Amino acid sequence: MTSSAWLKWLLLAVGLAVLAAMPWLVGEYPLNLIITMIIYSLFALSYNVLFGQAGLLSFGHAAYFGLGAYTSVLLFKDLGFSLLPGILGAGLAGGILGVLLGLFVVRLGGTYFALLTLAFNALIYAGAEKWRGLTGGEDGVAAMRPDLHIPFYGDVGMFSTVHWYYFVLIVVLLSTWFCWHFTRTPLGRLNECLRENEDRARFIGYNVYMSKVAVNVISAFFAGLAGGMAGAFQEFVTVTFINLDKATDVLIMTFVGGSGTFWGPILGACFLTYLNQVLSDLTEHWTLIQGILFVLLVMYAPQGLSGLLISLKDRFWGARAGKLSPAAKGEG
Amino acid sequence: MDTLAALPVQALHGLVYGMLLFLVASGLTLIFGMMGVLNFAHGALYMLGAYFSFSILQWTGQFWLSLLVAPLLVALAGALIERFLLRKVHSYGHAHELLLTFGVAYIIEELVKIFWGNEPLRVVLPALLAGSIPLLGIEYPVYRLFILGVSIVVFIIMFFVLYKTRAGIIVRASVANKRMVDALGFNVPLVFLVLFGMGAWLAGLAGVIGGPYLITNPAMASTIIIDLFVVVVVGGLGSIQGALIASLLIGQLQSIGILVLPQFAIFFEFLLMALVLIFRPHGLMGESK
């Protein structure tokens with residue numbers, strides 16, 4: 001194993017250990033913030049399946065997230081679902097909407113995708129606002145987070161923040177593993193090929209349209225899953241889960257973190273969620289700062305924070321390694 | 001019976017909004033046609049027009065002055081955005097330009113909230129425009145007719161410029177084939193700058209006259225951007241005739257929709273969009289490439 005691969009596994013192991021030990025490391029309030037970060041990491045990760053990997057710029061990802069949030073809360077409230085089925089139902093609802101909208105939005109090129117996702121998000125938003133009987137309109141809908149039912153074991157209460165933290169962590173880690181693995185599958189590879197050269201993929205004989213729909217469904221499923229957990233976390237869902245602001249938030253998180261790497265969106269989601277918490281206490285103009293940061297990155301560092309980190313690493317670590325190895329070869 | 005009687009009035013309402021929408025959409029679609037950029041900040045520029053006019057009105061009390069000056073200020077803002085922000089990312093491609101204009105829209109919206117607050121602002125109209133006159137059997141607000149008049153005048157001037165002047169020919173030629181125009185020796189970056197400024201001017205003008213009618217508030221930009229995008233999809237990206245037809249259609253769908261099915265009026269334009277996507281994916285007047 002090369003030293004850099006070894007380092008990667010070490011970092012991963014340390015990261016997982018810290019995540020597992022988190023409830024002992026921090027108090028109740030920071031733990032809630034960390035749960036928010038983890039949920040938004042999954043949202044950003046699902047967004048980047050479209051944006052970073054497929055090169056599709058969406059302004060409508062809140063449709064899936066919001067639908068997921070409504071689904072889980074309504075399943076808890078009206079149908080008495082336990083925790084896991086409710087959250088999975090949210091993912092499923094996102095995925096189904098991903099099929100329906102995907103058939104429309106991926107038909108035309110890049111700019112159209114941006115236009116159409118925004119318009120369809122507005123449509124879903126209007127639906128949520130008008131269907132008051134189901135969603136409560138602007139007033140929203142509330143439901144307590146139910147227990148997690150584990151077969152042959154019994155129920156685990158979710159009232160405790162620590163239990164809830166572990167549940168969210170496990171769901172998001174499994175989803176992250178799936179998303180990472182997805183980039184290695186043939187469809188995941190094709191996805192990146194579509195970003196680079198769609199015509200070539202078509203000439204080789206791939207069904208570009210259906211591949212894009214499939215990718216949209218995967219992305220929508222995880223956005224729905226994230227939304228389902230966000231709804232269960234707040235125990236209350238309103239139209240703010242599904243509006244345009246939510247859709248642009250995830251775009252900004254993903255871009256700021258960096259869409260070019262797998263972990264960039266996670267970094268962006270954690271960074272901005274944290275800054276949002278800290279800075280919104282200090283200044284009411286936090287969103288303006290966020291907007292300026294976004295524009296600066298668009299202009300000067302389009303690879304986002306992860307791109308900046310990688311170039312920093314290359315400058316200090318990579319350069320030294322680069323100087324050493326030829327010298328070592330020369331002596332050998 | 002009542003519904004039928006209200007039909008002509010609602011149709012006139014729809015025409016007013018449709019023409020206003022077209023003023024904004026025309027700039028958006030010309031910019032797209034020529035530069036390939038979907039200008040996300042177009043709605044924000046429209047909103048700036050309304051706010052600039054509000055402040056000018058507050059300082060001077062002159063509505064006509066604000067009608068003249070505010071759109072020019074918006075045009076200047078648009079030109080600055082093109083020259084100092086958009087041009088810098090041009091080489092990265094269209095997706096990047098779209099992201100940039102989105103970021104600019106985001107910043108403008110936040111600035112508007114900081115300078116003018118979150119509350120809707122009330123614009124006091126000059127006496128000449130504030131009243132109403134008998135029309136189609138009811139008392140119709142003069143201001144809406146004024147909006148209609150201004151947008152028709154601008155529309156006629158715009159078509160005259162586009163189709164009868166040398167500058168218009170260059171613009172239309174650039175939409176059709178940018179590289180050829182460049183090769184013929186025209187200064188394409190300058191054409192872009194002027195066009196972007198003109199588009200911003202149109203959006204600003206629509207904001208000035210639309211503000212008192214649609215209420216000047218910080219959500220103006222995101223409200224109109226949805227209608228704008230539907231117009232562009234229905235009409236066809238980059239087609240000015242398409243933008244006109246789609247704007248008028250959406251104006252009618254909204255106002256007649258409210259009359260027929262008030263609860264579902266908002267869904268009609270999306271239904272239209274979905275139908276266009278199924279049967280004419282590139283829009284009513286768009287060309288498939």
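**View 1. Bend and span of H3(B).** At Glu82(B), H3(B) bends by about 40°, the bend being the angle between axes fitted to the seven residues ending there and the seven starting there. Helices are DSSP runs (H or I, at least four residues) numbered from the N terminus. The end C-alpha atoms of H3(B), residues 63-89, are 38 Å apart, which agrees with the 39 Å that its 27 residues should span at 1.5 Å a residue; the expected span is 1.5 Å times one less than the number of residues. The model is predicted: local features need pLDDT of at least 70 and side-chain atom pairs 80 or more, while totals for chains, interfaces and linings use all residues. Residues are numbered from 1 along each chain as its sequence is written, and chains are lettered from A in the order written.

**View 2. Buried residues of H3(B).** Buried residues (20 or more other C-beta atoms, placed from the backbone, within 10 Å of their own) include Ser66(B), Pro71(B), Gly78(B), Glu82(B) and Val89(B). Their cover includes H13 (286-300) of chain A and H2 (42-60), H4 (94-116) and H9 (188-214) of chain B.

**View 3. Side of chain B that touches chain A.** In chain B, 33 residues are in contact with 28 residues of chain A (C-beta atoms, placed from the backbone, within 7 Å). H3, H4, H10 (220-235) and H12 (265-279) of chain B each give two or more residues to this side. H4(B) gives the most, with 13 residues.

Conventions
A residue is buried if 20 or more other C-beta atoms lie within 10 Å of its own, exposed if 12 or fewer, and partly exposed in between; C-beta atoms are placed from the backbone. Two residues are in contact if their C-beta atoms, placed from the backbone, lie within 7 Å.
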